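This report covers helix geometry and helix packing. The structure comes first, then the terms and the values.

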Amino acid sequence: MRRELPPMLRALGNHNYRLWATADLISVTGTWMQVLGLNWVVLELTGSATSVGASILLSTLPALLLGPWAGALADRFPPRRIILIAESTHLALALVLAYVVWQGLPIAAVYALTAASGLVGTFGGPALGRFASQVVPRDDLGNALAWNSIVNSIGRVLGMSLAGVLAAAVGEPLLFLVNAASFVAVIATIAVMRTGEFHPLAVSPPEHAGVRAGLAYVRGHRVLIILFALGFVLSGLGRNYQVTMAAMAEGPLGAGAAGYGLLSSVFAVGTVVGGVVTARIRELTIPVLLGAAAVTSVLQALSGYLPGIAGFAAMILPIAAGAVLIDTAKSTRLQLDSAEGMRGRVLAIQGTVAAGAGAVGAPLLGWLCERLGPAEALLAAGLVTLGATVVAAVAWRSATRVQAEEAAQVAPAFATAGS
């Protein structure tokens with residue numbers, strides 16, 4: 001049974017989505033508690049920031065290497081089954097991690113559990129994406145993804161805030177136990193959802209299964225390639241603000257760690273604002289995506305030249321809001337503009353592209369900050385993302401024109417065959 005709510009809240013009118021959003025908030029909060037606790041444990045055990053980076057790399061490497069295979073699996077089997085297996089495995093890994101840290105076992109055990117968690121997340125991610133499409137009707141998907149962004153932002157703030165307090169008061173193992181409990185919430189939520197209110201998606205037939213078929217499908221759809229390429233540039237040079245905010249706080253702004261914390265808080269607030277704005281947009285089209293990308297790129301290029309930390313923070317907030325709008329619009333179009341039986345593989349490729357962009361973009365921005373200066377690095381990156389947006393807009397117009405011409409040629413053929 002669906003409730004009639006204002007357009008901004010329309011996804012919440014679906015019973016199953018309300019349950020899913022609540023479970024997602026609990027899960028994201030637990031995840032960020034574990035992320036903070038894990039990074040702190042690695043830093044305590046090794047005394048090396050490089051080791052923390054190695055731990056993060058271990059968690060993301062499976063997505064880079066195995067993402068397409070995870071997507072193919074999600075397209076062949078019911079996503080609920082994959083999610084239940086993945087969440088149960090995550091629960092077990094969190095419990096083992098709590099024990100390892102409590103017993104003070106070697107760092108190698110922590111690294112192994114981090115890699116295992118990344119592997120499970122890689123195979124669970126595409127299934128989660130497909131399942132999210134089943135708890136709301138097609139017309140509500142964009143609104144649901146916008147609310148997911150809001151939930152993720154709130155969960156991140158809650159998780160990191162609670163982790164800081166609990167780690168100091170009780171110790172890091174408790175953070176991993178809380179995260180384990182959050183997976184129980186997800187499993188229980190899936191169990192009590194109304195199966196009659198799901199919106200089924202087509203699964204991939206055997207002849208179209210596998211990674212090769214997924215890649216061939218993407219190659220044959222220019223709009224998907226355009227979205228992936230633009231997403232790579234925007235994610236690589238327009239999303240790694242953890243690098244540029246730190247460089248600005250330490251360099252031109254002279255604000256130090258306190259200033260970096262303030263900027264991070266402003267950025268978090270901006271993501272919530274972006275989620276609210278995105279939820280108010282009735283239809284997330286590609287022109288909306290391109291417009292947001294252009295505006296955000298210009299703001300990024302100018303952000304390093306405003307006076308003081310207040311000026312930089314004033315730019316950070318709309319940039320963060322624009323990032324949420326861009327990511328939500330891109331994810332919506334990738335799902336709605338692809339065949340249902342290919343959606344898991346499309347989402348997996350999106351995850352692989354995002355992981356690759358982070359792996360390339362963060363070091364590149366750090367190098368630019370050191371060689372050119374933080375403000376100049378922001379200017380250069382903003383101009384590159386703006387140029388990529390213009391190229392994507394031209395390519396998209398060309399692709400839609402070709403599609404229209406092909407459709408016009410096919411229509412008379414059908415008319416002749418039916419006469």
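## Basis and helix span

The expected span of a helix is 1.5 Å times one less than its number of residues. Helices are DSSP runs (H or I, at least four residues), numbered from the N terminus. The model is predicted: local features need pLDDT of at least 70, side-chain atom pairs count only at pLDDT 80 or more, and totals for chains, interfaces and linings use all residues. Residues are numbered from 1 along each chain as its sequence is written, and side-chain values use heavy atoms, with hydrogens and water left out.

Helix H1, residues 15-46, has 32 residues. From its first C-alpha to its last, H1 reaches 47 Å, close to the 46 Å expected.

## H5 against H12

Two packed helices are described by the angle between their axes and the distance between the axes. Axes are lines fitted to C-alpha atoms, for helices over the stretch in contact, and angles run from 0 to 180 degrees between N-to-C directions. Helix H5 (residues 141-169) packs on helix H12 (residues 308-336) at about 140°, with the axes 9 Å apart. H5 and H12 are therefore oblique to each other; angles under 35 degrees count as roughly parallel, over 145 as roughly antiparallel, 65 to 115 as roughly perpendicular and the rest as oblique.

The crossing of H5 and H12 is right-handed, that is, the near helix is turned clockwise from the far one by less than a right angle. In contact (heavy atoms within 4.5 Å), Leu141, Gly142, Leu145, Ala146 and Ser149 of H5 meet Val324, Thr328, Ser331, Thr332, Gln335 and Leu336 of H12. By class, this contact has five nonpolar, six polar and no charged residues. Ala, Val, Leu, Ile, Met, Phe, Trp, Tyr, Cys and Pro count as nonpolar, Asp, Glu, Lys and Arg as charged, and the others, Gly among them, as polar.

## H8 against H12

H12 also packs with helix H8 (residues 222-238): their axes come within 11 Å and cross at roughly 155°. H8 and H12 are therefore roughly antiparallel. Their crossing is left-handed, with the near helix turned anticlockwise from the far one.

On the H8 side the contact residues are Leu224, Leu227, Phe228, Gly231 and Leu234, which meet Ile326, Lys330, Arg333 and Leu334 in H12. By class there are six nonpolar, one polar and two charged residues in the contact of H8 with H12.

How values were computed:
Helix = DSSP H or I, 4+ residues; strand = E, 2+ residues; numbered from the N terminus.
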